[in-house]
Amino acid sequence: MTGDKTGPARCAELAEAVRRAVQDSHVIVRGPAGSGKSRLLSEVVALGDFARRPRLHVHAQSGDHALAYAGVAGLLGCVDRELLDTLPAPQRTVAARILRQQGLPHEIPDHLAVRLAVESLLRELARQDAVLLVVDDAQWLDTSSVDAIGYATRRLSSAQLRLLVAERFGGKASVGERLCSGTPAEVCVPPLTLGEIEELLTAHGLPSRLAGPVYEASGGNPALALGVARGLRAAGVGPSAIGAIELPGGARHLVNCWLEGLPDQVRRVLLLAALTERPTVGLLRQAAGRDVDGDLASAGFSGLVSVAADQTVVFAGAVRGVLVEQAPWSERLDAHRVLADLVSDPIEAVRHQALAAAGADTRLACALVTAAARARRQGDPVRAAELGMLAAERTPPAEAQLILSRLVDAAEDAARASRLDLAKKATGLVLERNAPATVRARARLAVIEAAGQALSSYDETFAHAIADAAGDAALLARVYLRLSDKANLTDGDPVSGRQAAARAAELAALAGDPVTQVGALTQRARFERVMGDQAAEETLSRALELSVPVDAMRLRHSPLYVCARHALFDDHLAQARTDLLALLPVVERSGDTEDTLEVLRSLAELEARSGRCAAAAEYGHRVVSLTSRVGLSPGPAWYTAAVVEAAGGSFARAEAHALRGVRASKAEHDVVFLSRALFALGTIQLVLGRVTEAVATLNQVREMERKQKVGDPSVLRWHSELAEALIRNGDIALADALVHEARTAALELGRSGVLAALDRSAAFAAAETGDAEAAISLLEQSAAAFAELGLRIEYGRTLFMLGRVELRRRRRAAARDALAHAIEVLEESEARPWVRLVSESLARLDGSGPRKHSGLTEAEKKLVTLVARGVSNREAAATMFLSVKTVEAMLSRIYRNVGVRGRAELASWKALSEQPQPPPVEGNGPGPAGEIIRAGGKSRPDYHD
């Protein structure tokens, strides 16, 4: 919330909250530099009632605190000359002197006269309406002005004057409190969320994949977030290089604002912490040789650091990097020498020794190589890469080949950690030297590996890698294997991908490289499965026969992982879970970020499909967290978040995540996860009753899969969703054709889960055309298949449709039984959004319906809305500017008032209470009209009736 776009809805909501607060009392808005306080004040004063009343605006500057009455001068400058002329002579004179009007001596003003002048002006303005006095950057106000304005505030009533003050965090004495009389309301400008950071970057044409690391580096501060992201773009490096980039001037100024005035002893302690991988209070005490609690408390008061429960010191935003950058070289060397003797981790000790040294040192270089190997074995490729780079730097220049070898090892470690910045740095150093072609090829391949999903801009790198690897079949095979990834992810061309994978397999076999050969065969099997080629399993069997250990290769090219994925596609859920759980510790030990994300995403999807929604949510959270931390493309993570939210969280949040996935995947040119995110979005739109949108979205998925020559309907199951959307949109013939086409492929390939979903769509069509008996038969058949396969949410969803079709037949008892059974299945799965939908239908069937309650206050209604969104009590307290205890007490009253027992029931109550109660539909007789809608002259069941 700076001068740039940072989410209009968020700013408007906060401005409205401040507006309401100013109607009751003075308000102090607090936040760090760059948090958007000034913009918030502008939004508030632009609101209707404030725009019409008298208001004065004082904006203090950084030098004003040393100029007596600078703030009063700003206030007087807002007032018409005619009003100043009405003041008594002594007050008029002192006002003229403060304004430095010509012909008057610049002597020290009479303090009492200044006080009275300010009071008189404000009192006169208040004759028309209550005056709104806006004071921005109040921390810079001079003491004399604070005294004069504070005097006037105490003398005027709340009906005459309201103060809206903005000031920074950090000062022990609040200027705002000295300006305001009574007990002012306090509003803290909250940091942007991860999603809002992503929207901010997207609005400024910055890559969404930067959102996670930028969020961590900025602490959610919008101005700093933009500065960090622009610094990354200017440096041409990946998001994991935040600690090494040159911050633009504006962002650097913000951090300097946070650091200014820091005592030297506090700065030295913070420098020790900044140079340590895991700074603890105990380590800092040893390094400083004294108690540092007071220093850390002082830094914590200024918002620079915090101390976690395990006594680890955590830096705010980009403070750590700026501290290190500003420290003199000699101080950094001294700090590293001290830390080398104190840290308990031998790997970190070697790192400090290297950073404390200057020039080449063979012994130290060998120690760094040993430490890098140890870090690699411990599954920490980031440390291995950094240590490898240091080893190359400490290697004597005469050992040119050894330097190249260490740089390439560092680049490949960086690739395993998805650290594109380190891979590019190491590769750049390789290319600067007279390196052999094969060494250049390995280095370029490391950059390609580190790029992850974002391969669209690496055509030139691929071309150079192919040329450099031309004389080495094993290296060339690895390049072609990665080309097959690009064909899949970026080009959406499985035919070319299969050809590249086949070429890689041939080259690897020729070179006697079973690891790459297995990966290439596995990749070929993936493409064959997607294209509906039944040779996929035979190709996969060939890969398995080579018996390469899973930890010897990248997981995404491992036949064991692809077997687990195929089991998931085939709805062999127990087998898929067993295989994936066996692979998870392997990839976590390896430290390979992309491989770990592959397994976590698959587990999240598996658990959501199995109806284990709590487990799915946990895996989904880990996916988003890890993706954000390392700065990989967020498209896959947001798709996963949408899947787990739609299963067990909230349809609204699921839709927001799906939209983010669409935006991110488009930005990264990732066609695979673009189609998945669109599929998730279209399904949610269908469930929410926005049928026209669902048809348009799901048709995009259909067109993309047609272009990508996808022939297996089990990989992305959009067919039944689009068919249902078409039926609800009145296009039954199109839906029938789609179901027939998908059924033919599913029967040929033996995809029973797909067939069950298509049966449900066919049942919907039968119900729409009046063949209720056929609809019931198909739904019972579909429900039985889903139950047998263990697809619990699909099972509950089918029972839901069965209940609605039974209701259309006026069989209320059968409808009640089906709906009650659906709720039982869905509650066992903790599928909360689906439970709410079905509960609504059952309540209407029983005649109770959602119970409205008009006895809630506005604040209580807002709290109910926040709770329904899944906001914690602490987050709700921050949003509503209340204490946590107040929120807890308010919730208890709400529970008693509306007759619920907890947060989950309150969320369901809200969802039901907001549904409109439509009148009975003419011609359908008695019964719950909410179960029937009319469209195109026909009645059809709907999710949101």
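Pro222 is buried, with a relative accessible area of 3%, where buried denotes under 20% relative accessible area, exposed over 50% and partly exposed the range in between (1.4 Å probe, protein chains only). This proline belongs to helix α12 (residues 222–235), helices (H or I, at least four residues) and strands (E, at least two) being DSSP runs numbered from the N terminus. The C-alpha atoms of Pro222 and Leu201, which are 21 residues apart along the chain, are separated by 9.5 Å. The model described here is predicted, with local features requiring pLDDT of at least 70 and side-chain atom pairs counted only at pLDDT 80 or more, whereas totals for chains, interfaces and linings use all residues. Residues are numbered from 1 along each chain as its sequence is written, and side-chain values use heavy atoms, with hydrogens and water left out.

The protein chain contains 48 helices and nine strands, and 56% of its 945 residues count as buried. Among the contacts in the protein chain with a separation of 6 or more, 67% are accounted for by residues 24 or more positions apart, contact meaning heavy atoms within 4.5 Å.

Helix α4 (residues 70–77) has Ala70, Gly71, Val72, Leu75 and Leu76 as its buried residues.

Several helix pairs were examined for their packing geometry. Two packed helices are described by the angle between their axes and the distance between the axes. Here the axes are lines fitted to C-alpha atoms, for helices over the stretch in contact, and the angles run from 0 to 180 degrees between N-to-C directions. For helix α29 (residues 536–545) and helix α30 (residues 559–569), the axes come within 10 Å and cross at roughly 150°. The crossing of α29 past α30 is left-handed, a term applied if the near helix is turned anticlockwise from the far one by less than a right angle, with right-handed applied if it is turned clockwise. Glu537, Leu540, Ala543 and Leu544 of α29 make the contact with Pro559, Leu560, Val562, Cys563 and His566 of α30. By class, the residues of this contact comprise seven nonpolar, one polar and one charged, where Ala, Val, Leu, Ile, Met, Phe, Trp, Tyr, Cys and Pro count as nonpolar, Asp, Glu, Lys and Arg as charged, and the others, Gly among them, as polar.

The axes of helix α34 (residues 635–648) and helix α35 (residues 651–668) come within 8 Å and cross at roughly 160°. That angle makes α34 roughly antiparallel to α35, given that angles under 35 degrees count as roughly parallel, over 145 as roughly antiparallel, 65 to 115 as roughly perpendicular and the rest as oblique. The crossing of α34 and α35 is left-handed. On the α34 side the contact involves Gly635, Trp638, Ala641, Ala642, Glu645 and Ala646, and on the α35 side Phe651, Arg653, Ala654, His657, Ala658, Arg660, Gly661, Ala664 and Ser665. The residues of the contact between α34 and α35 are divided into eight nonpolar, four polar and three charged.Beyond α35, His669 is found in the loop between α35 and α36 (671–687). The phi angle of His669 is near 55°, a positive value in a residue other than glycine, and this histidine is partly exposed, with a relative accessible area of 44%.

Helix α37 (residues 691–707) and helix α38 (residues 719–728) pack at an angle of about 145°, their axes lying 9 Å apart, and their crossing is left-handed. In this pair, Val691, Ala694, Val695, Leu698, Asn699 and Arg702 of α37 meet Glu721, Leu722, Ala725, Leu726 and Arg728 of α38. The contact of α37 with α38 is made up of seven nonpolar, one polar and three charged residues.

Two glutamates were examined individually. Glu794, which lies in helix α42 (residues 792–808), is partly exposed, with a relative accessible area of 22%. When residues up to four places away in sequence are not counted, Glu794 touches Arg760 and Phe786. The C-alpha atoms of Glu794 and Ala822, 28 residues apart along the chain, are separated by 10.0 Å. Glu830 is placed in the loop between α43 (812–828) and α44 (832–845), and its phi angle is near 60°, a positive value in a residue other than glycine. Glu830 is likewise partly exposed, with a relative accessible area of 36%.
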